Amino acid sequence: MSREPFRGTYTVLVTPFTADGSAVDHAALARLVEYQVREGVRGLIPLGSTGEFLSVSREERAAIVDTVVKSAAGRVPVLVGTGAEDTREVVAISKEAEAQGADGVMIIPPFYSVPTLAELVHHYDTVAKAIGIPIMVYNNPATSNVDMTPAMLAEISRIPNCRYVKESTLEVTRVRDIVDLCGDRMEVFAGVLGYESAWLGAIGWVAVCSNVAPRLSSEMFDAAAFEANRDKSRALYRKLTPLLPWVGGPRYVSGTKAAFRLMGMDMGPPRPPRLPLPAADMPALAQVLQGIGLMSVAAQAAE
């Protein structure tokens with residue numbers, strides 16, 4: 001188990017694939033981990049939605065975790081996405097992640113069966129009893145069809161191992177309500193609104209944009225959450241804002257991978273049904289990256 005509580009900006013990593021998409025590019029994944037650590041990100045999360053976890057095999061999953069854990073080498077915590085529809089499968093892959101050296105797991109609820117609160121409590125409690133590392137509950141109703149409200153999370157937070165929540169609705173006041181209802185049983189990581197959530201009590205941010213801009217993302221969140229420096233955090237947020245539409249919404253995977261390609265750090269294409277960012281959009285994305293100063297920073301940091 002990680003010795004210190006999880007804090008700060010955690011990157012939900014893309015999964016690099018070979019040019020034809022047939023295999024995981026482990027060399028590129030190791031370079032991505034190194035880039036993240038060198039640029040100041042506080043934690044890594046492979047096999048989240050941005051990591052295309054539903055598009056990799058069980059064997060690929062284990063190999064991805066192995067590469068990330070070994071490349072991070074204890075320098076930052078590694079939380080592994082272990083969400084699945086079957087509680088038994090979540091237990092199995094969570095235990096596997098723990099055995100491979102993960103510091104925690106991030107678990108989205110079953111996303112087809114639309115479980116009730118009682119079923120959610122049973123699901124997370126079953127997994128919690130099977131492992132000895134912390135669970136980050138992942139609330140993203142847009143993709144899971146399950147909305148874990150603050151009141152529901154208060155019940156789930158009574159499971160001793162469910163110590164964190166990634167709150168990914170666009171209702172930032174939920175951060176306030178989760179803090180009020182859960183107390184120190186469960187701490188909040190923003191899933192989308194990192195800047196806004198920091199001012200309402202979030203102690204971390206699971207970010208997509210930090211794949212591409214790890215230092216800027218981490219410094220922005222730290223300035224808001226830990227330094228309470230409004231002027232500094234707001235200036236960094238304004239600098240980061242033009243990138244956010246390119247790595248959010250329906251192009252969170254395609255836009256992030258396109259950005260890496262423009263930055264000279266190719267992560268391969270998404271796997272279908274996701275498609276690469278249209279070529280017509282590349283010049284506008286390049287302009288955004290140029291404005292933030294990212295066109296060459298990744299390649300330089302990875303050398």
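Trainee: Between which two helices is P273 placed, and what kind of peptide bond joins P272 and P273?
Mentor: P273 is in the loop between α11 (252–262) and α12 (282–292), where helices (H or I, at least four residues) and strands (E, at least two) are DSSP runs numbered from the N terminus. The model is predicted, so local features need pLDDT of at least 70, side-chain atom pairs count only at pLDDT 80 or more, and totals for chains, interfaces and linings use all residues. Residues are numbered from 1 along each chain as its sequence is written, and side-chain values use heavy atoms, with hydrogens and water left out. With omega at about 20°, the bond joining P272 and P273 is cis.

Trainee: Is A73, which has a positive phi, buried or exposed?
Mentor: A73 is not a glycine, yet its phi is about 50°. Its place is the loop between α2 (58–72) and β3. The cut-offs are under 20% relative accessible area for buried, over 50% for exposed, and partly exposed in between (1.4 Å probe, protein chains only). Because its relative accessibility is 54%, A73 counts as exposed.

Trainee: Which residue caps the N-terminal end of α1?
Mentor: Helix α1 (residues 26–38) has 13 residues and spans 18 Å from its first C-alpha to its last. This is close to the expected 18 Å, the expected span being 1.5 Å times one less than the number of residues. At the N-terminal end, a side-chain oxygen lies 3.3 Å from the backbone nitrogen of A27, and the residue that provides this cap is D25.

Trainee: Which residue just after α1 takes a positive phi?
Mentor: Within α1, the buried residues include A28, L29, L32 and V33. Just after the helix, a phi of about 95° is found at G40.

Trainee: Which backbone oxygen does the side chain of T15 reach?
Mentor: T15 lies in the loop between β1 (8–12) and α1, and counts as buried because its relative accessibility is 2%. Beyond its neighbours within four places in sequence, T15 is in contact (heavy atoms within 4.5 Å) with V24, T50, G51, E52, I64, K257 and M267. A polar contact is a pair of N or O atoms within 3.5 Å; within protein, one must be able to donate a hydrogen and the other to accept it, and residues adjacent in sequence count only if both atoms are side-chain atoms. At 2.7 Å, the side chain of T15 reaches the backbone oxygen of G51.

Trainee: How far apart in space are A84 and P109, C-alpha to C-alpha?
Mentor: A84 lies in the loop between β3 (79–81) and α3 (87–99), and its relative accessibility of 6% is why A84 counts as buried. Leaving aside neighbours within four places in sequence, its contacts are E89, V90, P110, F111 and H123. A84 and P109 are 25 residues apart in sequence, while their C-alpha distance is 7.4 Å.

Trainee: What is the volume of the largest cavity?
Mentor: On a 1 Å grid over the protein atoms alone, a cavity is a set of points where a 1.4 Å probe fits but cannot get out; a pocket is an open set with protein on both sides within 12 Å along at least five of seven lines, and lining residues have an atom within 4 Å of a point. The structure holds two cavities of 30 Å³ or more. Among the residues lining the largest cavity are L47, F53, M106 and Y138. The volume of this largest cavity is about 50 Å³.

Trainee: Which residues lie nearest the centre of the largest pocket?
Mentor: The largest pocket holds about 660 Å³ of space. Elements giving two or more residues to its lining are α5 (141–144), α8 (194–198), β8 (204–207) and α10 (230–240). Of the 30 lining residues, those nearest the centre are G191, V192, V208, G248 and G249.

Notes:
Points joined across faces, edges and corners; volume = space filled by probe spheres on them.
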